[in-house]
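The sequence and structure come first, and the notes follow.

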Amino acid sequence: SSGINAEYGDKETDGRHAVVEYTTDFQKDAARRDLTINAMSVGIEGELYDYFEGRTHLDGRKVLFVGDPAERIKEDYLRILRYFRFYGRIAEEAGAWDEATIAAITTHRNGLQKIS
């Protein structure tokens, strides 16, 4: 055991604040991150841990959620705003977003009323 208690998963969430479960498994920790580019990590020897193609997406200037976009958004509605912030900085083409992502954002847009 490394002694590091990385976040693993939500035990419960209200769409903004979560009670999390802790783990030392970095892949499980990465799986609950919002975007694939934010799920990457670097080991002590400089090795890249990229379980969700974050490097490929970054190189291709794509912004994608880890796993199901709707599930990531329901965990924390602030992720909608984070998606557009990262998209604005990384994507080269306006409006070339992932259709499943935009559908999930549209479906869950009212959740933005829960953030302050």
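A salt bridge here is a side-chain nitrogen of Lys or Arg within 4 Å of a carboxyl oxygen of Asp or Glu. Both residues belong to helix H3 and sit three residues apart, about one turn of the helix. Helices are DSSP runs of H or I with at least four residues, numbered from the N terminus. Glutamate 71 is partly exposed at 35% relative accessible area, and lysine 74 is partly exposed at 34%. The classes are buried for under 20% relative accessible area, exposed for over 50% and partly exposed in between, using a 1.4 Å probe and protein chains only.

A second salt bridge joins arginine 79 to glutamate 75, with 2.6 Å between the closest N and O atoms. Arginine 79 is buried, with a relative accessible area of 9%, and glutamate 75 is buried at 17%. Arg72, Glu75 and Arg79 are linked in a network of salt bridges.

The structure holds seven salt bridges. One of them pairs the side chains of arginine 61 and glutamate 92, at 3.5 Å from N to O. Arginine 61 is in the loop between helix H2 (54-59) and helix H3 (69-75), while glutamate 92 is in the loop between H4 and H5, so the pair ties together parts 31 residues apart in sequence. Arginine 61 is partly exposed at 34% relative accessibility, whereas glutamate 92 is exposed at 69%.

## Aromatic pairs

A pair of aromatic rings is described by the distance of the centres and the angle of the planes. Rings of Phe, Tyr and Trp (its six-membered ring) pair if their centres lie within 6.5 Å; planes under 30 degrees apart count as stacked, over 60 as edge-to-face and the rest as tilted. By this rule there are seven aromatic pairs. Among them is the pair of tyrosine 87 and tryptophan 97, which is tilted because the ring centres are 5.4 Å apart and the planes stand at 55°. Tyrosine 87 is in helix H4 (residues 78-90) and tryptophan 97 in the loop between H4 and helix H5 (99-107), so that this pair links distant parts of the chain, ten residues apart.

Tyrosine 87 is buried, with a relative accessible area of 9%, while tryptophan 97 is partly exposed at 31%. Both belong to one aromatic cluster formed by Phe65, Tyr83, Phe84, Tyr87 and Trp97.

Threonine 101 lies in helix H5 and is buried, with a relative accessible area of 0%. The side chains of threonine 101 and aspartate 98 are joined by a polar contact of 2.9 Å. A polar contact is a pair of N or O atoms within 3.5 Å; within protein, one must be able to donate a hydrogen and the other to accept it, and residues adjacent in sequence count only if both atoms are side-chain atoms. Leaving out residues up to four places away in sequence, threonine 101 touches Phe65, Pro69 and Tyr83, where contact means heavy atoms within 4.5 Å.

Leucine 78 is in helix H4 and is partly exposed at 26% relative accessibility. Leucine 78 and leucine 112 are 34 residues apart in sequence, and their C-alpha atoms are 6.7 Å apart in space.

## Basis of the values

Residues are numbered from 1 along each chain as its sequence is written, and side-chain values use heavy atoms, with hydrogens and water left out. In this predicted model, local features need pLDDT of at least 70 and side-chain atom pairs count only at pLDDT 80 or more, while totals for chains, interfaces and linings use all residues.

Terms used
Helix = DSSP H or I, 4+ residues; strand = E, 2+ residues; numbered from the N terminus.
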